[in-house]
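User: I would like to learn how to read a protein model, one feature at a time. Please start with a single residue and then move on to larger parts.

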Amino acid sequence: MFDRVIWDKLNEECGVFGIYNHKEASPLTYLGLHALQHRGQESAGICASDGERWYKHRGMGLVTEAFAGVDLQTFRGNIAIGHTRYTTAGSSKIENAQPLFFRYAHGSMAVAHNGNLVNASVLRKELEAKGSIFQTTSDTEVIAHLIARSKSSDLTEAVREALQHIKGAYALLVMNETQLIIALDPNGLRPLSLGRLGEAVCVASETCAFDIIGAQYWRDVQPGELIVVDEDGVHESTFAENTKRSICTFEYIYFARPDSDIDSINVHMARKRLGKQLALEAPVEADVVTGVPDSSISAAIGFAEATGIPYELGLIKNRYVGRTFIQPTQELRERGVYMKLSAVRKVVEGKRVVMIDDSIVRGTTSSRIVQMLRDAGAKEVHVRISSPPVMNSCFYGIDTSTRDELIASSKSVEEIRKFIGADSLSFLTIEGMIDAIGREDGSPNRGHCLACFNGQYPTEVEYEAALPADKC
């Protein structure tokens, strides 16, 4: 994947959407997936049912590509779930596209999942030893096998049993012909919200998906909560006693769309506050502020407002660069970032530029962007990062490098500054980041997962077991 080589960023794994009790369930799910496209660009799928028959399709590529030529008006039924997926290296294939569909002893079901199970490899080996045959490398199939092995003919109880065995991050949707089942892991690591559209109930990874279909936000799904939607209404319960909200902080920093709200906090406003906090912690004399598009624009605006330094579009993103290129040469890899970004010479030429970005992973992209600004005539380039240094791998569904590849795990801030070629470099502190986001949770971490910054994981992590599992 050329894009992964040249664009040194963290990657979210997927987005899920579901709706119950609407005659246009499948077309609305398609629109919901469009709104969640940023969470996964390599495959998409929808499963729907009219109470008796199933209608399903999965395809590779963007949502429009995956459903090219598919007439969703033929997907009858008032219940549907959908999924858009970003895959890890080596697993970009149709078999891993979701939702996964299964026929088993007690009927049929479809499963869609956002996150990563840290004990997936261990469970897979146990299930295989008991005779289970796996068709994918996705840990989502582990969940399905656990459900299928339940002795209960009731799908809700089978799901509840399966949830007692899995560990890690999961925003989970399971459906049969008559029910939509929703579950969020006990730490609430992934975002998941409920909405209403008339008499219909919908669920999505982000609230921006409700806006596109005209639904109203209802509430967030709580950690350890199990919700069943059927003809008798909405049934709320819990499946875990020990719950502790640990939302992935990068949802606020980078992953979520700016128009989404997470736990009633608007993402754009949170990012502006991150930029303002960064200005307080790391001020600098400069002539212009610019953000690396798109996720850093909000923080750059906040930095500019706090300092009084003018904000300008000093970097422009080319939105028409293809996602994949076949076997690019090394020279093309080196020039790849110039295909995705370009500097506006008239904005930065002869100026002291503050470049705001949301994170530094390996450092390669940052160094190329700094050089790009210098090539456009910038007199000075000061880099400010609206998050703390990323020093540890994530096992909960974010495609981070191994720890050895994370530049902040082995280099000091000064060493990183020299590597990327900036005149100065500062990261946001953990304390400043938490205060700026503004969560009201009373726990020491204010309901954040900070593992990639401080190595304190909210769950037990069996490192060797977690690493091989194909995320989401």
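Analyst: This is a predicted model. We start with Lys-272, which lies in helix 9, residues 267-281.

User: Is Lys-272 buried or exposed?

Analyst: A residue counts as buried when its relative accessible area is under 20%. Lys-272 has 13%, so Lys-272 is buried.

User: Which residues does Lys-272 touch, apart from those up to four places away in sequence?

Analyst: Lys-272 touches Ser-298, Ala-299, Ile-301, Gly-302 and Glu-305.

User: What can be said of Phe-303 in the same way?

Analyst: Phe-303 belongs to helix 10, residues 297-307. Its relative accessibility is 0%, and therefore Phe-303 counts as buried. Beyond its neighbours within four places in sequence, Phe-303 contacts Gly-275, Lys-276, Leu-278, Ala-279, Ala-282, Val-284, Val-289, Val-354, Ile-356 and Arg-384.

User: How many residues apart along the chain are Phe-303 and Ile-356, and what separates their C-alpha atoms?

Analyst: They are 53 residues apart along the chain, with 8.3 Å between their C-alpha atoms. Ile-356 also leads us to a sheet: in strand 20, Ile-356 stands opposite Gly-291.

User: What is the order of the strands in that open sheet, and what is the pairing?

Analyst: The sheet has four strands in the order 17-20-21-22, and the pairing is parallel. Strand 17 (288-291) and strand 22 (424-427) are the edge strands, each pairing on one side only. From one strand to the next, the twist averages 20 degrees.

User: How many bridges join strand 17 and strand 20?

Analyst: Strand 17 pairs with strand 20, residues 352-357, over four bridges in the parallel sense.

User: Which strands does helix 14 touch?

Analyst: Helix 14, residues 413-420, packs on the sheet and touches strand 21 (380-385) and strand 22. The direction of helix 14 makes about 130 degrees with that of strand 22.

User: Next, a whole helix. How many of the residues of helix 5 are buried?

Analyst: Helix 5 spans residues 140-148 and is mostly covered, with eight of its nine residues buried. The buried ones are Thr-140, Glu-141, Val-142, Ile-143, Ala-144, His-145, Leu-146 and Ile-147.

User: What covers the buried residues of helix 5?

Analyst: The cover includes strand 5 (100-104), strand 6 (107-117), helix 4 (120-129), helix 6 (155-163) and strand 7 (168-175).

User: How are two packed helices described?

Analyst: The description uses the angle between the axes and the distance between the axes. For helix 4 and helix 5, the angle is about 45 degrees and the axes are 10 Å apart. This makes helix 4 oblique to helix 5. The crossing of helix 4 past helix 5 is left-handed.

User: Which residues meet between helix 4 and helix 5?

Analyst: An α-helix has 3.6 residues a turn, so residues three or four places apart point the same way. In this case Ala-120, Leu-123, Arg-124 and Leu-127 of helix 4 meet Val-142, His-145 and Leu-146 of helix 5. By class, this contact has five nonpolar residues, one polar and one charged.

User: What are the totals for the protein, in helices and strands?

Analyst: There are 17 helices and 23 strands. Of the 472 residues, 60% are buried. Among contacts with a separation of 6 or more, 70% are between residues 24 or more positions apart.

Definitions and conventions:
Residues are numbered from 1 along each chain as its sequence is written. This is a predicted model: local features need pLDDT of at least 70, side-chain atom pairs count only at pLDDT 80 or more; totals for chains, interfaces and linings use all residues. Side-chain values use heavy atoms; hydrogens and water are left out. Two strands pair if DSSP finds at least two bridges between them. Helices (H or I, at least four residues) and strands (E, at least two) are DSSP runs, numbered from the N terminus. Axes are lines fitted to C-alpha atoms, for helices over the stretch in contact, and angles run from 0 to 180 degrees between N-to-C directions. Contact means heavy atoms within 4.5 Å. Buried means under 20% relative accessible area, exposed over 50%, partly exposed in between (1.4 Å probe, protein chains only). Angles under 35 degrees count as roughly parallel, over 145 as roughly antiparallel, 65 to 115 as roughly perpendicular and the rest as oblique. A crossing is left-handed if the near helix is turned anticlockwise from the far one by less than a right angle, and right-handed if clockwise. Ala, Val, Leu, Ile, Met, Phe, Trp, Tyr, Cys and Pro count as nonpolar, Asp, Glu, Lys and Arg as charged, and the others, Gly among them, as polar.
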